[in-house]
Amino acid sequence: MRARPALAIALTATSLVACVHAGASPSTTARMRVTAKVGVGFGSCGMAYAFGKLWTATNGDNRLVRIDLRTRKVLKRVMRRGPCGVAAGAGSIWVDGYGSSVVERVNPRTVRVTRRFRTEPAPWDVAFFDGAVWTTHSGLLTRIDPASGRTVRRFELAGDLSNMDVGFDSLWVGANDGTLAYRVHPDGRVDTLQVDAQGPSSFAVGRDAVWVTARPGDVVRRIDPATNELGPPIAVGSNPTMGAEAADGSIVVPNTGDGTLSRIDPARNAVVETIRVGSRPVKVVRVGGALWVTHLGGNAVWRVNIVP
């Protein structure tokens, strides 16, 4: 779940079928507003909401940060070099170490590391899916048993594998280069998605679709989870990364290259609003009615609300 230097994110569609979003369209008169900022340390990267707290890893100063959203109390713990991806599962928080080739298991109550598992070199992201820990590497996706730390399966896949997301009973895996992304099923089947543009690296899981972000085309496209067909491109900002669905059903994507958020109306297949946030926004997570945004180029995570 990271956007480290030289991150590439892109895709193209193979389907000419127009995308239609079921349900009411998000309001075009509502607006995104920055409503809070919480200092966490430099270079907040991956993020997850779990165990009643918001968690982020700060790539710039090698910390795992737990945020109590009610009190705004922040607790930090030193991690191995280069943390970014954060995931929750099996009663634990999991953090990758891009610079140390480990995955660290953290007790969410004490915020202490309980185990360190050696991985393949340079894990780009970590996810928890189908009872297992998953990591991405160049040309390799690994499944790790959370109890033993043993790698139980390796998937050799084309591309410099990057960010992951979970939805529709699937693990979605991006790549920083090439034109392929992947969908992994619980039985181990892998669907290869030909997206016909360079670097389809990140996703946003919505209520009825998965959205993949792309660069250098700087577009987002909808994936129909029933068919794996891709819809037409939606132009966004520079270097779009890991987005989320807002409470109103719109898709909000951070644009790392120009420091903005783009809000997409799925029914219109169009951006209805763009706002400026901090330096190098990289990850959006929804908590209740609010969106939280990490910043690789800043010292805080920002809260954004969509207001009438």
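Phe-168 sits in the loop that joins S12 to strand S13 (170-175). The model is a predicted one.

View 1. The phi angle of Phe-168 is near 55°, a positive value in a residue other than glycine. Phe-168 counts as partly exposed because its relative accessible area is 32%, and the buried class needs a value under 20%.

View 2. Val-111 belongs to the loop between strand S8 (102-107) and S9. Its phi is near 55°, again positive in a residue other than glycine. Is Val-111 buried or exposed? Val-111 is buried, since its relative accessible area is 0%. Strand S9, on one side of this loop, covers residues 112-118.

**View 3. The whole fold, for orientation.** The protein has 26 strands and 0 helices. Its C-alpha atoms fill a box of roughly 45 × 45 × 30 Å along the principal axes. Why does the radius of gyration agree with a compact globule? A compact globule of 308 residues would have a value near 19 Å, and the protein has 18 Å, so the two agree. Of the 308 residues, 59% count as buried.

**View 4. The aromatic pair Trp-94 and Phe-117.** The model holds 6 aromatic pairs. One of them joins Trp-94 and Phe-117, with ring centres 6.0 Å apart and planes at 35°. This pair is tilted because 35° falls between the limits of under 30 degrees for stacked and over 60 for edge-to-face. Trp-94 is in strand S7 (residues 92-97) and Phe-117 in strand S9 (residues 112-118). The pair links distant parts of the chain, the two residues being 23 residues apart. Both Trp-94 and Phe-117 are buried. Ring pairs also bring in Phe-128, which forms a cluster with Trp-94 and Phe-117.

**View 5. Lys-37 over the ring of Trp-302.** Lys-37 lies over the face of Trp-302. The distance from the ring centre is 3.9 Å.

**View 6. The largest pocket.** The largest pocket has a volume of about 470 Å³. How many residues line the largest pocket? The lining holds 21 residues. Met-47, Asp-165, Val-166, Lys-283 and Val-285 lie nearest the pocket centre. Which element gives the most? S24 does, with 4 residues. By class, the lining has 16 nonpolar residues, 1 polar and 4 charged.

View 7. Val-304 counts as buried because its relative accessible area is 0%. The C-alpha atoms of Val-304 and Leu-291 are separated by 5.1 Å. Along the chain, Val-304 and Leu-291 are 13 residues apart.

**View 8. Val-272 in strand S23.** Val-272 is part of strand S23 (residues 270-276). A relative accessible area of 22% makes Val-272 partly exposed. The buried class stops at under 20%. Val-272 and Ser-262 are 10 residues apart along the chain, and their C-alpha atoms are separated by 7.8 Å.

**View 9. Thr-256 beside Arg-280.** Thr-256 is in the loop between strand S21 (251-255) and strand S22 (260-265). Thr-256 is buried, because its relative accessible area is 6%. How far apart are the C-alpha atoms of Thr-256 and Arg-280? They are separated by 4.2 Å, although the residues are 24 residues apart along the chain.

View 10. Arg-153 and Arg-118 are 35 residues apart in sequence. Their C-alpha atoms are 14 Å apart in space.

How values were computed
Residues are numbered from 1 along each chain as its sequence is written. This is a predicted model: local features need pLDDT of at least 70, side-chain atom pairs count only at pLDDT 80 or more; totals for chains, interfaces and linings use all residues. Side-chain values use heavy atoms; hydrogens and water are left out. Rings of Phe, Tyr and Trp (its six-membered ring) pair if their centres lie within 6.5 Å; planes under 30 degrees apart count as stacked, over 60 as edge-to-face and the rest as tilted. Buried means under 20% relative accessible area, exposed over 50%, partly exposed in between (1.4 Å probe, protein chains only). A charge sits over a ring if NZ of Lys or CZ of Arg is within 6 Å of the ring centre and within 35 degrees of the ring normal. On a 1 Å grid over the protein atoms alone, a cavity is a set of points where a 1.4 Å probe fits but cannot get out, and a pocket is an open set with protein on both sides within 12 Å along at least five of seven lines; lining residues have an atom within 4 Å of a point. Grid points are joined across faces, edges and corners, and a volume is the space filled by probe spheres set on the points. Ala, Val, Leu, Ile, Met, Phe, Trp, Tyr, Cys and Pro count as nonpolar, Asp, Glu, Lys and Arg as charged, and the others, Gly among them, as polar. The radius of gyration is taken over C-alpha atoms; the globule rule is 2.2 Å times the number of residues to the power 0.38.
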